[in-house]
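Hi everyone, thanks for coming. Have a look at the structure on the screen, and I'll walk you through some side chains.

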Amino acid sequence: MSEAQASLAPGSILELAQSTKKQWELGQIRLIASGTLAQDGTLQPSSPREGTWQLSIRSIEKAASFTPAPSAQVFTLIAGDFAQLEVDGHQHGLEPLRPLKFDTGNPVEASQPAEELLIVHVAAEPAQVRATVRIVELSKKREQYLFDGQLGIMVQGSAKLLLGDSEQQLNLRDTVVGSDAAEPRISGRGFMAVASFDQP
């Protein structure tokens, strides 16, 4: 498997099990996707080096510092209770399912976690892409649509991807590529992290 997923086809599922595994200063990285944002608002795949945004799932296993790439970062804790980050001299508590956004090129300090933590990590070059993350509670009564420029990561519970008349079970921490044309919908119980990439 290459560094980035081969395709960001509308309505496709990017499986966590197929992602690249690497190390970072705090633990492991599973790179889900990286790419650019086209003028029409769709996501186009590219290598992390050439891309303007990136999505990964990362573990925090130890106290350490890391220096972010020159980009805006959003950390969302999806497994574990709490992490403490020091960003530019300020303390930030990372709590479950509460996205924390920061923008710095200085080293970030992470405290020793009581257990292994998992985060959804989104990075974007702010001059070219604006990245936001929101947590959506899923319902079987009201389907969650995903649109152009959006990636939906299943972080808790159980759900299905509905695409036209077909449906496919989503595994925990799998990611769905949004699309205005294909209209992928998510139905189930639990929570999804929706990462949106827009023109700045």
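So, let's start here: in which strand is Thr-76 found? Thr-76 sits in strand 7, which covers residues 72-79. Keep in mind that what you're seeing is a predicted model.

Now, is Thr-76 buried or exposed? Thr-76 counts as buried, because its relative accessibility is 0% and the cut-off for buried is under 20%. And who's around it? If we skip the neighbours within four places in sequence, Thr-76 is in contact with Leu-97, Arg-98, Pro-99, Leu-118, Ile-119, Val-120, Val-133 and Ile-135.

Staying in strand 7, let's look at Phe-75. Phe-75 is buried too, with a relative accessible area of 0%. Its ring pairs with the ring of Trp-24: the centres are 6.5 Å apart and the planes are at 65°, so we call this pair edge-to-face. Trp-24 lies in strand 2, residues 20-24, so the pair ties together parts that are 51 residues apart in sequence. Trp-24 is buried as well, at 8% relative accessibility.

Ring pairs join Trp-24, Phe-66, Phe-75 and Phe-102 into a cluster, and the count of aromatic pairs comes to 6. Trp-24 also has a charge over its ring: the charged end of Arg-58 sits there, 4.7 Å from the ring centre.

Okay, on to charges. Side chains of opposite charge can pair when their charged atoms come close. How many salt bridges does a search of the whole structure find? The search finds 4, and I'll show you some of them.

Arg-98 is exposed, with a relative accessible area of 54%, whereas Glu-95 is partly exposed at 34%.

Next, Arg-130 and Asp-198 form a salt bridge, with the closest N and O atoms 3.9 Å apart. This pair links distant parts of the chain: Arg-130 is in strand 13 (residues 130-138) and Asp-198 is in strand 18 (residues 185-198), 68 residues apart. Both ends are partly exposed, Arg-130 at 44% and Asp-198 at 31%.

Last one: Arg-185 and Glu-143 meet in a salt bridge at 3.0 Å, N to O. Arg-185 is in strand 18, while Glu-143 is in the loop between strand 13 and strand 14, 42 residues apart. Here Arg-185 counts as buried at 16%, but Glu-143 is partly exposed at 30%.

That's it from me, thanks!

Notes:
Residues are numbered from 1 along each chain as its sequence is written. This is a predicted model: local features need pLDDT of at least 70, side-chain atom pairs count only at pLDDT 80 or more; totals for chains, interfaces and linings use all residues. Side-chain values use heavy atoms; hydrogens and water are left out. A salt bridge is a side-chain nitrogen of Lys or Arg within 4 Å of a carboxyl oxygen of Asp or Glu. Buried means under 20% relative accessible area, exposed over 50%, partly exposed in between (1.4 Å probe, protein chains only). Helices (H or I, at least four residues) and strands (E, at least two) are DSSP runs, numbered from the N terminus. Contact means heavy atoms within 4.5 Å. Rings of Phe, Tyr and Trp (its six-membered ring) pair if their centres lie within 6.5 Å; planes under 30 degrees apart count as stacked, over 60 as edge-to-face and the rest as tilted. A charge sits over a ring if NZ of Lys or CZ of Arg is within 6 Å of the ring centre and within 35 degrees of the ring normal.
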